[in-house]
Amino acid sequence: MPALEIVEERPAPGPGPAGLAWDGRRLWNADFRRGRIFCLDPASGDVVDSLLCPGVLSGLGWDGQYLWLAVVEESWLRCVNPATHDFERTLVVEGATRLGGVAWDGEQLWVVDQAGALLAAGREQGPPRRQIAAPAAGGGLAWRDGQLWLGAPLAMRYEPQMGGFVWTTRTESFALLVIDAATGAEVGRHPLSFLPMGLSWAGDDLWLADSARGRLCRARLA
């Protein structure tokens, strides 16, 4: 698999950049510190719109009409109409512990359960259609050509008693994992220096949210 190269970095519109989504024209970024979703011009980085969304925001996906927003500790997704700023409905992700990234594969939503799974869900209420094992504390999630791209730490575990995560090694390491959605097998891995809490493909560009540094990064396969 070709190497992933970060070709641009820019300040995020808010101090806590997380979920990212591409609607075919604009880039959307959920900010967990401000409780807002920002709509960005990808060329200039200018904010052209913003929506107030209370809660600790995490993943963000686009299904061709609506934004789907994950709230970390609520175990549900908000369906957001970007034209009217209305919350159309709420979708409970049954069995999920903590929600991370969200992606749309053309037929269904995929959601990161940070306890250690990727869950496939329809846009209507019901149990997950599929579950794929994944590293704990997963961050951003993106879909491309039958593959799920997941930002993840490589050595963490979830501690239910404390409701958080602990490192299992002395060295912190992160990667972008490429997972075959049909089989659940890892088919590629790109080392990273940070955990991307948001991921979204926009054509040949992959956008990553670096929450630790308050930046958005644009990457390409070399």
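## The second largest pocket

In this predicted model, the lining of the second largest pocket divides into 14 nonpolar residues, four polar and one charged. That lining comprises 19 residues, and those nearest the pocket's centre are Trp22, Trp62, Trp104, Ser200 and Trp201. Two or more lining residues come from each of β2 (17–22), β6 (57–62), β10 (99–104), β14 (141–144) and β20 (196–202). The greatest contribution is that of β20, which supplies four residues. The volume of this pocket is about 250 Å³.

## The largest pocket

The largest pocket has a volume of about 360 Å³. Its lining consists of 21 residues, with Phe32, Gln114, Leu195, Met197 and Ser211 lying nearest the centre. By residue class, the lining of the largest pocket contains 13 nonpolar, five polar and three charged residues.

## Overall fold

The secondary structure of the protein consists of 22 strands and zero helices. Of the contacts between residues at least 6 apart in sequence, 44% join residues at least 24 apart.

The C-alpha trace spans about 45 × 40 × 35 Å along its principal axes. A compact globule of 222 residues would have a radius of gyration near 17 Å, so the protein's 16 Å agrees with that expectation.

## Burial and surface

Of the protein's 222 residues, 54% count as buried. The protein exposes about 9,700 Å², of which carbon and sulfur atoms supply 46%.

How values were computed
Residues are numbered from 1 along each chain as its sequence is written. This is a predicted model: local features need pLDDT of at least 70, side-chain atom pairs count only at pLDDT 80 or more; totals for chains, interfaces and linings use all residues. Side-chain values use heavy atoms; hydrogens and water are left out. On a 1 Å grid over the protein atoms alone, a cavity is a set of points where a 1.4 Å probe fits but cannot get out, and a pocket is an open set with protein on both sides within 12 Å along at least five of seven lines; lining residues have an atom within 4 Å of a point. Grid points are joined across faces, edges and corners, and a volume is the space filled by probe spheres set on the points. Ala, Val, Leu, Ile, Met, Phe, Trp, Tyr, Cys and Pro count as nonpolar, Asp, Glu, Lys and Arg as charged, and the others, Gly among them, as polar. The radius of gyration is taken over C-alpha atoms; the globule rule is 2.2 Å times the number of residues to the power 0.38. Buried means under 20% relative accessible area, exposed over 50%, partly exposed in between (1.4 Å probe, protein chains only). Contact means heavy atoms within 4.5 Å. Accessible areas come from the Shrake-Rupley method with a 1.4 Å probe; for residues, only the protein chains shown count as cover.
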